[in-house]
Amino acid sequence: TQTSAKLLLQRGSKWIDDKLVFTRDIRLKLPPIDPLPNLENVFHLTEGIRCDLLIILAEQSVYKTSDSTKEKFFNMYEKNCRIFQSSLLPGTHHLHMNDPDIVSEVINNFIKDSLKLDEP
């Protein structure tokens, strides 16, 4: 949304010598990773995840993953994590800024489910 865009610009830029400079673009802070890790490397690295895990996806996200890749990773998370939940919500990548109420509801329910497992 326009409100979210203004907030991102406010948080991620500053004026230097009458020029607007972006300060939060990670590509400006880290050297490029070359070559990028392939899918099998990423899978191997994430196999060690054991925490309670919630993944929130946006329906209109520009970040796309094939269904077979998602299934492979999600199956691994379900096997390795005490709790694994995923939620597909309407919106774009910044849905947490544009629609925080629906995101917070999913997060709060996940935390409640996690805490219930710790009860005696």
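1. Aspartate 52 and arginine 82 form a salt bridge in this predicted model, with their closest N and O atoms 2.6 Å apart. Aspartate 52 sits in the loop between α2 and β3, and arginine 82 in the loop between α3 and β4 (84-89), so the pair ties together parts that are 30 residues apart in sequence. Arginine 82 counts as partly exposed, because its relative accessibility is 43%.

2. Arginine 82 has a further partner. Its side chain also meets that of aspartate 118 in a salt bridge, at 2.8 Å from N to O. Distant parts of the chain are linked by this pair as well: aspartate 118 belongs to helix α5 (residues 100-118), whereas arginine 82 is in the loop between α3 and β4, and 36 residues separate them. Through shared partners, the salt bridges join Asp52, Arg82 and Asp118 into one network. Aspartate 118 has 51% relative accessibility and therefore counts as exposed, the cut-off being over 50%.

3. The structure holds 3 salt bridges. One of them connects lysine 72 to glutamate 40, with the closest N and O atoms 2.6 Å apart. Lysine 72 lies in helix α3 and glutamate 40 in helix α2 (residues 39-46), so parts that are 32 residues apart in sequence are tied together by the pair. Lysine 72 is partly exposed at 30% relative accessibility, and glutamate 40 is likewise partly exposed, with a relative accessible area of 47%.

4. The secondary structure comprises 5 helices and 4 strands, arranged along the sequence in the pattern α-β-β-α-β-α-β-α-α. Of the contacts with a separation of 6 or more, 71% are between residues 24 or more positions apart.

5. The dimensions of the protein deserve attention. Its radius of gyration is 18 Å, whereas a compact globule of 120 residues would have one near 14 Å. Along the principal axes, the C-alpha trace spans about 60 × 40 × 30 Å. Of the 120 residues, 23% count as buried. The accessible surface comes to about 9,500 Å², and carbon and sulfur atoms account for 56% of it.

6. Which residues make up the largest nonpolar core? This core has 9 residues in all: Phe43, Leu53, Ile55, Phe73, Phe74, Met76, Tyr77, Cys81 and Phe84. At least two of its residues come from each of β3 (53-58) and α3, and α3 gives the most, with 4 residues. Apart from this core lies another, of 5 residues, among them Ala58, Leu89, Leu95 and Val106. In soluble globular proteins, nonpolar side chains tend to be buried together.

7. Phenylalanine 73 is one of the residues of the largest core. Leaving aside neighbours within four places in sequence, phenylalanine 73 is in contact with Leu39, Val42, Phe43 and Thr46.

8. Is lysine 79 buried or exposed? Its relative accessible area is 72%, so lysine 79 is exposed. The C-alpha atoms of lysine 79 and arginine 50 are separated by 9.2 Å, although the two residues are 29 residues apart along the chain.

9. Nonpolar side chains are found on the surface too. Leu9, Trp15, Leu20 and Phe22 form a nonpolar patch there, with about 460 Å² of accessible area together. Tryptophan 15, a member of this patch, has its place in strand β1 (residues 13-16). Its relative accessibility is 62%, which means that tryptophan 15 counts as exposed.

10. The last point concerns the loop between β2 (19-22) and α2, where arginine 24 is located. Arginine 24 has a relative accessible area of 57% and is therefore exposed. Arginine 24 and proline 35 are 11 residues apart in sequence, and their C-alpha atoms are 23 Å apart in space.

Note on methods. Residues are numbered from 1 along each chain as its sequence is written. This is a predicted model: local features need pLDDT of at least 70, side-chain atom pairs count only at pLDDT 80 or more; totals for chains, interfaces and linings use all residues. Side-chain values use heavy atoms; hydrogens and water are left out. Buried means under 20% relative accessible area, exposed over 50%, partly exposed in between (1.4 Å probe, protein chains only). Patches are made of residues with over 30% relative accessible area and no salt bridge: like charges are joined within 9 Å, nonpolar side chains (Val, Leu, Ile, Met, Phe, Trp, Tyr) within 5 Å. Accessible areas come from the Shrake-Rupley method with a 1.4 Å probe; for residues, only the protein chains shown count as cover. A salt bridge is a side-chain nitrogen of Lys or Arg within 4 Å of a carboxyl oxygen of Asp or Glu. The radius of gyration is taken over C-alpha atoms; the globule rule is 2.2 Å times the number of residues to the power 0.38. Contact means heavy atoms within 4.5 Å. A nonpolar core is a set of buried Ala, Val, Leu, Ile, Met, Phe, Trp, Tyr and Cys residues joined through side-chain atoms within 4.5 Å.
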